[in-house]
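Please open the structure in a viewer and keep the selection tool at hand.

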Amino acid sequence: EDKSISAAPAAAQAITFTPIRPQEIVGNRNAKRKITRYVQRLALYDPAKQMNPILELGGLAWTSLYDGLPGTGKSSLFRLAMTQLKELSDQIGVKFSVFTVDQSIKDEYYGKTGKILLQRLSVTQNPNLLSLGILDDIDLLTSSRSDAQGADNDINNILMQYLDGAFTVRRGNVINFAASNKPTG
């Protein structure tokens, strides 16, 4: 039986995932608690006021990095977040979107990688939508800043501007989770 869920409003990236419950993830108690807490706080966002009350108190993370060896449950934690976000958004009647940034954004044509990345990130501009970003294997997306060339420069620049640029708007309707096998990468 396929219990997959699709998380994509119009014009967003189509993502299909199989829901997962906390009890299905072995160990990682603190990480499961952290993911659950972040998603619950994200769901407190008020689209009418375009503000999350938790943001004013400093209790809403903008980004969170999960690191560990392959097979330690990072992807399962992200599926847990997607499952909980879908359930909470259904309860409160607010649409949600999940977007990923991974190796699939890279294109052989210069400039195209940046356009793909900007398109993926654009869903977060909608103040009527809850958004969950997953930056998978973030350490593999680009080379180091000093060694970056071409598309890697575009990725570095766009991600840095998105995460904390001069025009970054934090309303409290977006959270970003990143995964890495090598957190110092």
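Begin by selecting helices α4 and α6, where α4 passes α6 in a right-handed crossing (the near helix is turned clockwise from the far one by less than a right angle). Helices here are DSSP runs of H or I with at least four residues, numbered from the N terminus. This is a predicted model, in which local features need pLDDT of at least 70 and side-chain atom pairs count only at pLDDT 80 or more, while totals for chains, interfaces and linings use all residues. Residues are numbered from 1 along each chain as its sequence is written, and side-chain values use heavy atoms, without hydrogens or water.

Next, display the contact residues (heavy atoms within 4.5 Å). On α4 these are T113, G114, L117, L118 and L121, and on α6 they are A151, D154, I155, I158, L159 and Y162. By class, this contact has 8 nonpolar, 2 polar and 1 charged residues (Ala, Val, Leu, Ile, Met, Phe, Trp, Tyr, Cys and Pro count as nonpolar, Asp, Glu, Lys and Arg as charged, and the others, Gly among them, as polar).

Then select T124, Q125, Y162, F167 and T168. Of the 14 residues that line the second largest pocket, these are the closest to its centre. A lining residue has an atom within 4 Å of a pocket point; a pocket is an open set of points on a 1 Å grid where a 1.4 Å probe fits, with protein on both sides within 12 Å along at least five of seven lines. The largest share of this lining, 3 residues, comes from α6. By class, the lining has 8 nonpolar, 5 polar and 1 charged residues.

Key:
Helices (H or I, at least four residues) and strands (E, at least two) are DSSP runs, numbered from the N terminus.
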